[in-house]
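Subject: A structure for you to explore

Hi there,

Here is the structure I promised to pass on to you. Have a look around it first, then read my notes below.

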Amino acid sequence: MAFYVTTPIYYVNAAPHLGHAYTTIGADILARHHRQRGEEVFFLTGTDEHGEPVAKVAEAEGVSPKELADRNAQRFLDLLPRINVSNDFFIRTSDPRHKQRVQEVMQRVHDNGHTYKGIYEGWYCPKCADFKTEGEIAEGNTCPIHRIPLDREHEENWFFRLSTFEQPLKELYAQRPDFVAPKTRYNEALAFINGGLQDVSLSRAKITWGVEVPWDPAHVFYVWFDALLNYYTALSFARDGEDLTDTFWPASYHILGKDILKFHAVFWPAMLLAAGIPLPERELIHGYLLMRDASGEETKMSKSLGNVLDPFEVMDTFGTDALRYYCFREVSFGNDGGVSTTTFGERYEFELANEYGNLASRTLAMIGRYRGGTVPDVDVDAALRPDFERLADEVAELLDHAEITQALDRIWQRVRRLNRYVEERAPWQLAKDDGKADELDVTLRSLAEGIRTVTVLLHPYVPETAAKLLAALGQEDLALETAAFGARPGGGAVTQVPPLFPKPQ
Ligand code: ME8
């Protein structure tokens, strides 16, 4: 089975911030989970390098767009190992192989009769690179996202006949109620379509930093057409000498923030229909990470608003796994939610360090002290079995709907169950009584097996910690089918681990 997941490609007009890390980690969690299922996975991320958002910043900084793109693409690339993301390829839209594929596909759209030349007259946000419709303009002709004045544009463009796709898109939404998730975003996209679709600019004549329109080289493609196609073009050149399109297209999931819903849920399927390319299976739209300031006020984190929480700083203090865990624990994937250094610190200490880290170190220490470092070779405690019944299936079902936070919550309920189990059984008391040796065996074996089970399931969220802990347990298999309580035998040797989530310096 093939599984193909993508993130948006990020603009190279500034350095990455936690919002970008968030989407990318979300996609990584799904990619890792599907690898655990034994599927063939392809995970794509990258940078969007053309168009006005990049050209304007380059001009202001007195460098060429390519120089700016090279510098900032490198920052996005550097972020990936830091957040421990397992992407299979990183696409840059300035790559000549991408440009060539864009031209091929768009030529097909043109040849199929879906374009015409006309005059665009209206409002444009240079930061969104978006021609705003009437309903998308805030007071005083400003951008509701960036809060900047919109530009009045009047230029000759090539147009894409988006209006002719109104009916096909309505049919798509009727036939595939899970094309866009969550439902609120599906409804929002459908409302936009039902509101009536107007043709959109497909090219820009004023801008030169972009992919040349092959049938009219005085124009470059409007950046969104070039950018959206990355999901498709990348497969043709991501692996040297191999075209992965047949294996992985259509994409299983596009993951993105709600700010770019219209482009993905309306323009993108219409473009693919126009080019005769199959549509992606699902689009998963998440909310905004908001910064909670001292007064409790929440605002969207963004480059232009300048209130950015630096993911590098956060990771330096708490570690990569802590960042990954926190983002998906604190903010329910799909909704907007506030993040702050305060709640970050609390979850780190109470949940990661105490509930999980200490549980693991105590268990390993007790197996060392009471059983010479060998997990007793006995059956797991039947009393715990119902608590773990179907857990892996539940997690898989939730992740099939990108319920990343809910899945984590189900796993964490079991982490808490194991903490209660330690308190109930008090192995340190059992160890004092030779007559309770069997009970102690069952307790230690169940704890080791319970920790192993939750850790296999936690691997997509905290891959570094999971690897350390599974190695200490002598059970490194990550396959999802092993995430069943009692699936692995006892009798193996364990080693001790240093604190998994130490107190930050
Ligand atoms: O829109 N909270 O690029 P971009 C959550 N190049 N996610 C956030 C976020 C926040 N505060 N801020 C950013 C573009 N993101 C285009 C995309 S795709 C073909 C082209 C994430 O650099 C979120 O995924 O502005 C959002 O959709 C994306 O970054 C926008 O990144």
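Strands here are DSSP runs of E with at least two residues, helices are runs of H or I with at least four, and both are numbered from the N terminus. Two strands count as paired if DSSP finds at least two bridges between them. Within this pair, Phe160 stands opposite Val200 in β8.

A word on the source: this is a predicted model, in which local features need pLDDT of at least 70 and side-chain atom pairs count only at pLDDT 80 or more, while totals for chains, interfaces and linings use all residues. Residues are numbered from 1 along each chain as its sequence is written, and side-chain values use heavy atoms, with hydrogens and water left out.

Back to the strands. Four of them form an open, antiparallel sheet in the order β5-β4-β6-β8. β5 (130-132) and β8 (200-201) are at the edges with a single partner strand each, so one side of each has no neighbour in the sheet.

Strand β12 (residues 282-286) has parallel partners instead. β11 (residues 253-257) pairs with β12 over five bridges, in the parallel sense, and Gly257 stands opposite His286. From β11 the chain passes through helix α10 (residues 261-275) to β12 in a right-handed β-α-β crossover (with the strands pointing away from the viewer, the path from the first strand over the helix to the second runs clockwise). β7 (residues 180-181) also runs parallel to β12, joined by two bridges, with Ala181 opposite Leu284.

Is β12 buried or exposed? Five of its five residues are buried (under 20% relative accessible area, with a 1.4 Å probe and protein chains only). That covers both faces: Arg282, Leu284 and His286 on one side, Glu283 and Ile285 on the other.

Happy exploring!

Conventions. Buried < 20%, exposed > 50% of the residue type's maximum accessible area, 1.4 Å probe, protein only.
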